Amino acid sequence: KVTINIDGKDYQVPKGISVLEAARMVNIEIPSLCYLKDINEVGTCRVCVVEIEGTRNLQASCVYPVREGLKVRTNTERVRRARKTAVTLLLSNHNRECTTCIRNLNCELQNLADSLGIRNIPYTGEKKDYGFFDNNPAIQRDYNKCINCRRCMAICNKIQECYVYSPLNRGLNTIIAPAFQKDLSEVSCIMCGQCVLACPTASLTEKEYIKEVWEVISDSNKHVVVQTAPSIQVTIGEEFGMPVGSFVAGKLVAALRRLGFDKVFATDVTADLTILEEGNELMERVLHEPEKLPLLSSCCPGWVKYAEHFYPEFLPHLSSTKSPHEMCGALTKTWYAKKYGIDPSTIVNVAIMPCTAKKYEAARPEMESDGYRNVDYVLTTRELARMIRQVGIDFVNLPDEEYDEPFDQYSGAGMIFGATGGVLEAAVRTAHKLITGDEMPVPDYEDARGLRGLKYGKVNLGDRTITIAIAHGTGNAKKALEAFKSGEKKFDYMEVMACPGGCVGGGGQPILSSRDYKYISLSYRHNRADALYNVDRGKKIRRSHENPRVQQIYKEFLGEPLSVVAKKYLHTTYVE
Ligand code: HC1
Ligand code: SF4
């Protein structure tokens, strides 16, 4: 520890940290725009400047290390003026349409302008126009709202290792963009949306489909069903001021009904179904095709796209099972349509997902059944919250309501899909039964939990041992695949989620400010994941194969796992 003095008071703080971190530790707010702990500590925005005794210039506190006896002033007139100038300059070249902006009231630049008391922008002159790009179904980039903080680039390079962004041009004309300023669809972007979460403004946002969804809801000739991903149940409350980790499934259903959807379904049901299909795939490969091991999970479209771009040699290892939301889509337009006598051409399937990549997945040409798109529109958690606000629903005080038949009952295993390690844990619960014939006495597989970036382990299933790996953040998936290739690690099954934390940390989830972006402790993602595990613990049915709806779907439609019908509607292929 070292003793430093901030604003006239002594504090003991750990050695080796920055002044900014030290100040925040002792609850002294130093604002910043470009800083992201551990991954973007570059001091370019100059908003975090402070006075340091003994130095002439103001210093960027995010890159200034603490040392014994250091004296810091964070709130002098000079500091306030410098911060104000830095932000005013950014605003002078910014498309300031706050009232109609997606990030209105949740924008770090806007917040700063307010807290610094900026009331006018004295700089005039022509604004540069760098353009708007949205030639893909998932993510749009407005260069006129970019403040060059480089947080998108930091996440993409250091955590996801996709290397989509780099600085283009020079000096004042620098922008952070894909090579040749191409659209994200033309580069190795996996559409995970982690850059969207990292962006302090609306320069990077999801592509909205709210208008289209209102239109189908108002069309009385359409039967509009909505499905919600497991993680939405523990994250959407944050959009309405509820604490991180609030479980709000009942209110979520109630809100969707009030918006006018005809049926409200839980994607968790088809998550259970995924486990049956993928579990059987794993068993087939273990028993008969060991050369096709490891089996790699494929429910995360960001990860699938990552494999397609960077590791095509592993594509035969990806599970052919479609993701739960695609399965729900396929089943609504086939089994459900027939069972309830609804013309499938009138059914619209809207998916509420924590994810921008799901928008891209839904648009993949192969994701259709009998000529109908499986899923017609994907909305993120944030978009759904906007719809709820648009009609003035008081979310927090809604009563709890139940999902609609026949996608209503689901196991705890289906729910924990939303957290990293959850798919694997769910698979283990069912594989135990498939391989040994007996139920796992206690369904918890604790080794799969927690937010370590890469986990390796073993599962004993009777006299067989299955080796496993769990990665979240595609940079970690890369490490695991490289270790496998070099022979350093062996595993039979790997779960990969592109987003740190899994879907609870998805690119479509509520955006917390950079202060909550503790990529090392990932604390808020942890709370969201814990909420899923808590609900799982209290559920009567905790294993996918015990889900009565899944049993019904096999009985009435599919026959058995990996049957011809199951292969036709619930499995897919990948492209290099
Ligand atoms: Fe996910 Fe999945 S868990 S991918 O994270 O397999 O998006 O929540 O819906 O499809 O079920 C996301 C979450 C989600 C799918 C399921
Ligand atoms: Fe989407 Fe979940 Fe994959 Fe992230 S981890 S890209 S939220 S499916």
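Is alanine 566 buried or exposed? I looked it up: alanine 566 is buried, because 22 other C-beta atoms lie within 10 Å. My rule for this (C-beta atoms placed from the backbone) is that 20 or more other C-beta atoms within 10 Å of a residue's own means buried, 12 or fewer means exposed, and in between means partly exposed.

**Ground rules.** This is a predicted model, where local features need pLDDT of at least 70, side-chain atom pairs count only at pLDDT 80 or more, and totals for chains, interfaces and linings use all residues. Residues are numbered from 1 along each chain as its sequence is written, while chains are lettered from A and ligands numbered from 1 in the order in which they are written.

**Alanine 566, continued.** I found alanine 566 in helix H18, residues 564-570. Helices (DSSP runs of H or I, at least four residues) and strands (runs of E, at least two) are numbered from the N terminus. Skipping neighbours within four places in sequence, alanine 566 is in contact with Glu277, Leu558 and Pro561. Contact here means that two C-beta atoms, placed from the backbone, lie within 7 Å. I also checked alanine 566 against glycine 8: they sit 558 residues apart in sequence and 70 Å apart in space, C-alpha to C-alpha.

**The whole chain.** I get 18 helices and 20 strands. The C-alpha trace spans about 75 × 55 × 45 Å along its principal axes. A compact globule of 576 residues would have a radius of gyration near 25 Å, and the chain has 25 Å, so the two agree. (That radius is taken over C-alpha atoms, and the globule rule is 2.2 Å times the number of residues to the power 0.38.) Of the 576 residues, 50% count as buried. Among contacts between residues at least 6 apart in sequence, 74% join residues at least 24 apart.

**H8 against H17.** Helix H8 (residues 267-288) packs on helix H17 (residues 548-558) at an angle of about 65°, and their axes are 9 Å apart. Axes are lines fitted to C-alpha atoms, for helices over the stretch in contact, with angles from 0 to 180 degrees between N-to-C directions. From H8 come Val269, Asp272, Leu273 and Leu276, which meet Arg549, Val550 and Ile553 in H17. By class, this contact has five nonpolar, no polar and two charged residues. Ala, Val, Leu, Ile, Met, Phe, Trp, Tyr, Cys and Pro count as nonpolar, Asp, Glu, Lys and Arg as charged, and the others, Gly among them, as polar.

**Ligand 1.** Which residues come nearest? Of the 20 around ligand 1, they are Ala229, Ser231, Cys299, Pro324 and Cys503. A residue is near if its C-beta atom, placed from the backbone, lies within 6 Å of the molecule or strand. H8 turns up again here, giving the largest share of the shell, three residues. The shell has 11 nonpolar, seven polar and two charged residues.

**Ligand 2.** Of 16 residues around ligand 2, Cys300, Gly302, Cys355, Cys499 and Gly506 come nearest. Helices H9 (301-310) and H11 (357-363) each supply at least two shell residues, and H9 gives the most, three. I noted 11 nonpolar, four polar and one charged residue in this shell.

In helix H12 (residues 381-390), the buried residues are Thr381, Arg382, Glu383, Leu384, Ala385 and Ile388. Their cover includes helix H6 (210-218) and strand E14 (347-353). Just after H12, glycine 392 takes a positive phi of about 70°.
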